[in-house]
Amino acid sequence: MGSPADTGASVTLRENDGGFDVLVVGAGVAGLATALALIKDGRSVTVIDAGRIGGGASHGNCGTLTPSHAPPLAAPGTILRAMKWMLTPDAPLYIPPRFDPALWRWLAGFAMRCNERDWIASTRAKSALLNDSRQRIADWVRDDGLQCEFVESGEDYVFHDPRAMEHEMRELPLLREFGIGAEIIDGPAYEAQEPALKPGVSGAIRFAGDAALRPDRYVAELARVVRERGGTIIEHCALQSLRSDANGIRAITAQGEIRANDAVIAAGAWSPTMARAIGLPWLRKAIQPGKGYSMTYSAPAVVPKRPLTLREVSVCVTAWGSGFRLGSTMEFSGYDTTLNESRLGALERGARKYLHHPIGPELRERWFGWRPMSRDDIPLIGRAPGHKHLWLATGHGMMGVGMSAGGGQMLADLIAGRASAVDPAPFAPERFA
C-alpha cells in the first residue's frame, strides 16, 4: 500500500487559549476541499488527521471527474449480481461470505434503495453535485495554480458486448435530462480514433464533459493552498473523542485538547469508527468501507488519449504525464488490510482484453484503500442532527475527488447560513439518524 507524496513539514498542536474557529477532522480530499472553501469564506481552519495528508482513498483512485458516473451503485439488479459473485473473489463487486452483522444491516438498507424510483433520486442528487464540483475544480486549478495534471479530457465507456452497450445506453436520456451529454461511437470508428485499443470493440460512449487529474497531487496541492492561505494541518493527531454543546466543540486528540467554534467530520471510510466517540452512534449504520484497488506504472508505449472505463470488466484506465493507472473494483470486506492478489490480477487481466499495451514497463505501486459507502450512495453533507456546531462531510463513496470542491462549498454555505448552489436537502445527514 503506497504512501502519499511528502506535503510539507510536520506540525504539532500548540496551545491556543482562545480556541480555534473551525476544526476539520480528516486531511483527505473531502476535508481539505472543505477547509479551502471555508478559508475562502473568511474562516480560520485547523485540519487534523490520524495519519498523513491524503493517506486514504484520496491517494490511489483513478482521478477522474465524472458527472457521467452519477448513477449510484444501488441500482436495480445490484444485489442479485453481488450474490452471484460471492464465490468469485476477483469479481468487480465482491462481498466475501462471512459473519458481519453490521455489514448485513447496511446491505439490507442498501437493498431497499435498489429500485428505479430511488435510483433516479440518487442520480439526480449526485449529478447536481458532480456537475457543480466539476466546474469548481477547474476554477480552483486556474485561480489557485493547482499543479495536479488536470485535463478536460472527457471519458469513454468502451464495450466488447453490444448487449452491454445497449443496456448502458438506456441511462443516457436520464443523464441528458441532468445536463450530462453523451456521444455514441460505433466500434470501427472508435478503433480508428483510439490506437491503444485492440480489435473487437463493439462501440463506445463518450462523455465529453468529464475531466481527469492526478489525485494524490491534487490533494497535496489542496494542502499547499490551505497552508498558504493561513490554515493549519496537523498530521498524526488522531481524534479520540468530541463533544459539542451550545457554545462550541471540545475535542480530545492524541496531541491534546482542542476547543473550536465548529467542527467538521470528514474522515471518509473511518467516519463510522468514530461514531460513538463523536456522539453519533447511528453513523455506524450509515456507512461501510468499500475497498478499491489500483496499480500504477510508468507509461507504456501507447496510452489511451483519454480516460477509459472498460465496462464489461469494470476497469478504469487513466494516463497522466507522470504515470499510468489501472483501478476500480468494490469489495465489502470490512477494514481488511490484505492486498488481495486475485483482485489486483483482475485489473491487469481486464486491461489485457482491451489494450495493446495494458501495463507499463515499471510497476510503481500496488494500492488499496477504503471508500466511505453510504447506504444510498449519496454523501452526508450538513449539520449533524441534534448538534448546533458539529457538521459532516463524509460518505462520498467512489466520488470523493469528483465531489470535493462542490461538497466543500456546499458545507461552507451551510455553515454560513446562506443558500447553496446545489440543493442540500438530499445530502442532509438527518436522513440516517
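Start by selecting Asp 413, which is buried at a relative accessible area of 5%; buried means under 20%, exposed over 50% and partly exposed in between, using a 1.4 Å probe and protein chains only. This is a predicted model, in which local features need pLDDT of at least 70 and side-chain atom pairs count only at pLDDT 80 or more, while totals for chains, interfaces and linings use all residues. Residues are numbered from 1 along each chain as its sequence is written, and side-chain values use heavy atoms, with hydrogens and water left out.

Now colour helix H12, residues 400-416, which holds Asp 413. Helices here are DSSP runs of H or I with at least four residues, strands are E runs of at least two, and both are numbered from the N terminus. Which residues does Asp 413 touch, leaving out those up to four places away in sequence? Select Arg 418, Ala 419, Ser 420 and Ala 421; contact means heavy atoms within 4.5 Å.

Next, select Asp 377, in the loop between strand E17 (363-374) and strand E18 (380-383). Is Asp 377 buried or exposed? Asp 377 counts as buried, because its relative accessibility is 4%. Show side chains, and you will find a polar contact from Asp 377 to the side chain of Lys 126 at 3.3 Å. A polar contact is a pair of N or O atoms within 3.5 Å; within protein, one must be able to donate a hydrogen and the other to accept it, and residues adjacent in sequence count only if both atoms are side-chain atoms. Beyond four places in sequence, Asp 377 also touches Pro 72, Leu 73 and Ala 74.

Check the backbone while you are there: phi of Asp 377 is near 60°, a positive value in a residue other than glycine. Most residues other than glycine have a negative phi. Move on to Ser 314, another non-glycine residue with a positive phi, near 55°. Ser 314 sits in the loop between strand E14 (308-310) and strand E15 (315-320), and counts as partly exposed at 26% relative accessibility.

Finally, zoom out to the whole chain, with its 12 helices and 19 strands. Its C-alpha atoms fill a box of roughly 70 × 45 × 40 Å along the principal axes, and buried residues make up 58% of the 433 residues.
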